[in-house]
Amino acid sequence: MSFFRSALLGLSFLVYAATPMLACSPTYIVKSGDTLSGIARSELGSFFAYQSIFGANREIIGDDPNLIQIGMEFVLPCGVSAANPVNWAVLPSAQAIATLQNVTDIQILDIRSEKAVAEGVIPGAISVPYKIWRGPRGNRSEIPSIEKLSQIIGDAGLRNDKPVVIVHTKPTVMDKGRAALVYWMLKSTGFDTIAILQDGYEGWIDAGLPVAVTPVTPEPYEAELLFSPAWRADKVDVYGVATSQIAGFLLDARPAKMFSKVDDDGNPALTTLPRAQSAPVLSLMDSFGPDVPIETGVAAVTAHLESHNADWRMGDVVMFCQTGELSALSWFYASELAGMDNILLYPESVAGWANDGGKLFAGETE
């Protein structure tokens with residue numbers, strides 16, 4: 001199995017619109033200093049159109065989009081029929097969403113608190129606060145059953161045949177993690193066109209875009225969804241990896257200080273899962289900024305996993321944290337932005353493992 005999905009389909013999807021892309025030449029010859037995203041921006045008018053170039057020229061480039069060479073001649077996908085595709089990334093900017101709202105039907109899912117929503121929302125937004133997506137008080141790490149998720153999604157009127165943009169509060173690691181966990185739930189229940197607003201509602205405000213006073217009233221329906229285990233690890237999977245019965249790797253996405261604590265007597269505290277490695281997601285935050293080439297982010301994720309000898313091509317890489325948010329963000333970066341296979345989320349994480357009677361271990365340090 002290739003460690004990058006075909007044409008990096010995990011990176012973005014296409015929405016057809018009447019707005020054309022920039023006119024371009026049918027071919028492009030790579031020059032010194034070029035990157036695929038740079039070529040996409042200059043020739044196709046979209047930073048994220050690089051995966052279209054990659055897909056059209058994969059036989060020339062190979063499996064790694066970073067390894068383009070001076071002198072390579074690329075075919076540029078300048079248009080597809082009369083309705084040209086507008087690229088919609090899974091981590092779009094506020095301006096990109098504002099533009100696409102004018103040309104396609106987007107579902108804006110606001111997961112901020114009721115208090116935050118009362119101060120304003122993106123026009124057309126549906127409010128479903130993050131707390132509704134989590135487990136009951138005292139066991140927040142519990143993921144809702146498929147019946148409960150079906151109810152949440154149906155009550156919100158969210159349809160899996162329309163794109164969804166998830167809006168969190170601001171670009172902090174925990175806020176992005178909350179959005180990533182909701183993204184994972186939607187993906188696991190059959191939504192395949194999902195995005196997280198890059199800098200959340202704060203980014204929308206900073207861009208000077210319009211704000212509505214209240215969210216829209218949803219049109220509920222009776223949803224009957226199925227849950228796909230394709231991106232999930234459960235306790236049995238974790239145990240299998242921890243005991244080497246399943247090929248894989250356990251990566252703790254929390255800050256290192258939470259992984260390797262000591263107790264009052266100076267002894268290593270029991271903090272993490274068996275055979276886990278410390279792999280803080282915070283180190284990847286700056287690798288996917290609005291001005292950073294996507295190849296840089298892909299390279300950062302690759303280096304992040306390789307530094308922990310977590311070979312996603314040879315076994316499952318299971319992400320976990322305390323209650324699921326930070327590991328969901330780590331999963332999102334590797335699975336959805338870097339397009340890697342075999343990236344799984346253990347959403348219950350440390351809290352759920354312990355609540356279910358699992359034994360915790362001291363974090364091993366190098």
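Two strands are taken to pair if DSSP finds at least two bridges between them. In this predicted model, strand β7 (residues 164-167) and β8 run parallel and are joined by three bridges. Within this pairing, I166 has I196 of β8 as its bridge partner. Helix α7 packs on the sheet, where it touches β5 (107-110), β7 and β8, and its direction makes about 175 degrees with that of β8.

The sheet containing these strands is open, with four strands in the order β6-β5-β7-β8 and parallel pairing. Its edges are formed by β6 (125-127) and β8 (194-196); each has a single partner strand, so one side of each is left without a neighbour in the sheet. On average, neighbouring strands of this sheet are turned by 30 degrees against each other, direction ignored.

Helix α7 (173-188) is also among the elements that cover the buried residues of α6. In α6 (residues 146-155), the buried positions are L149, S150, I152, I153 and G154. Just after α6, G157 adopts a positive phi of about 70 degrees.

Three bridges link β12 (residues 316-320) to β13 in the parallel sense, and V318 has L344 in β13 as its bridge partner.

Note on methods: Residues are numbered from 1 along each chain as its sequence is written. This is a predicted model: local features need pLDDT of at least 70, side-chain atom pairs count only at pLDDT 80 or more; totals for chains, interfaces and linings use all residues. Side-chain values use heavy atoms; hydrogens and water are left out. Helices (H or I, at least four residues) and strands (E, at least two) are DSSP runs, numbered from the N terminus. Buried means under 20% relative accessible area, exposed over 50%, partly exposed in between (1.4 Å probe, protein chains only). Contact means heavy atoms within 4.5 Å. Axes are lines fitted to C-alpha atoms, for helices over the stretch in contact, and angles run from 0 to 180 degrees between N-to-C directions.
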